[in-house]
Amino acid sequence: MTVPNQYDSNPADRRNFIAAGAAGAAAVVLGDHAEAAPAASSTAATRIVAEFLQNTAPEKIEAATNRLVAEDATYISLNFDNPELKKVLPWTGTQKGRQAYITTFTGVAKLWTIEDFKIFDLFGAGENVAVFGSFTYRSNARGKSFTSPFSVHAKVKNGKIVYFLFMEDTFASSRSFSSGGTWTIKTDANGPEFQV
């Protein structure tokens, strides 16, 4: 999937857009390929989530988490609990506390090179914030690239993130580490098996 470039591809211009629109925009600074889309309206909760997402690079995530995430916050990464997926992506599942946020974002940066990250929409109502976008990662172990949509549902109370649910295409992200092999699948009880 190719996502159209919404802004000038000049990294300096992109950084200026992100810096200028940080209060009312979703911006993720995960390298020179990060892009953002302005939010239709800004709330205290959307500004906190946008600021957190601006600071998820490995050298920034701990300070951002300590500043913007509640001590007992819930982080749900990709599923509620899946031991098989946890073998591939160790941070998956439901976790409590700030360390879950730090572990997730440092783990992502360790396993993949972030080639692109775009936020298309960020909006909120009360304590709830929704974020929608796409990213392209390349696995460091296999060199396989994939593009995935993503979505976030966050909750902010008393100026801190207390809940963060992150969803992506886990089939694609897991396959970026594969070296071979197939699955035999049967989705329709009356249909044939097939391999992927």
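In this predicted model, a polar atom of the Asn-140 side chain lies 2.9 Å from the backbone oxygen of Lys-110. Here a polar contact is a pair of N or O atoms within 3.5 Å; within protein, one must be able to donate a hydrogen and the other to accept it, and residues adjacent in sequence count only if both atoms are side-chain atoms. The model is predicted, with local features requiring pLDDT of at least 70 and side-chain atom pairs pLDDT 80 or more, while totals for chains, interfaces and linings use all residues. Residues are numbered from 1 along each chain as its sequence is written, and side-chain values use heavy atoms, with hydrogens and water left out.

**Asn-140**

Asn-140 is found in the loop between S5 and S6; helices (H or I, at least four residues) and strands (E, at least two) are DSSP runs numbered from the N terminus. Its side chain also makes a polar contact of 2.7 Å with the side chain of Thr-113. Apart from residues up to four places away in sequence, Asn-140 touches Ala-109, Lys-110, Leu-111, Trp-112 and Thr-113, where contact means heavy atoms within 4.5 Å. Between Asn-140 and Ser-176, which are 36 residues apart in sequence, the C-alpha to C-alpha distance is 9.2 Å. With 41% relative accessibility, Asn-140 is partly exposed; buried means under 20% relative accessible area, exposed over 50%, and partly exposed in between (1.4 Å probe, protein chains only).

**Thr-136**

Thr-136 belongs to strand S5 and is buried, at 12% relative accessibility. The side chains of Thr-136 and Thr-147 are joined by a polar contact of 2.7 Å. When neighbours within four places in sequence are left aside, the contacts of Thr-136 include Thr-113, Ile-114 and Asp-116, as well as Ser-145 and Phe-146.

**Salt bridges**

A salt bridge is counted when a side-chain nitrogen of Lys or Arg lies within 4 Å of a carboxyl oxygen of Asp or Glu. By this rule there are four salt bridges, including those tabulated here.

| Salt bridge | N to O distance |
|---|---|
| Glu-51 and Arg-67 | 3.1 Å |
| Asp-116 and Lys-118 | 3.5 Å |
| Lys-155 and Glu-127 | 3.7 Å |

The side chains of Glu-51 and Arg-67 meet in a salt bridge of 3.1 Å. Glu-51 lies in helix H2 (residues 44-54) and Arg-67 in helix H3 (residues 61-68), so this pair ties together parts that are 16 residues apart in sequence. Glu-51 is partly exposed, with a relative accessible area of 29%, and Arg-67 is likewise partly exposed, at 38%.

The bridge between Lys-155 and Glu-127 spans 3.7 Å from N to O. Because Lys-155 lies in strand S6 (residues 145-157) and Glu-127 in the loop between strand S4 (112-125) and strand S5 (128-139), the pair ties together parts that are 28 residues apart in sequence. Lys-155 is partly exposed, with a relative accessible area of 22%, and Glu-127 is partly exposed at 30%.

In the pair formed by Asp-116 and Lys-118, Asp-116 is buried, with a relative accessible area of 16%. Lys-118 is buried too, with a relative accessible area of 4%.

**Helix H2**

Helix H2 is mostly covered, with eight of its eleven residues buried. Among the buried residues of H2 are Ala-45, Ile-48, Val-49, Phe-52 and Leu-53. In an α-helix, which has 3.6 residues a turn, residues three or four places apart point the same way.
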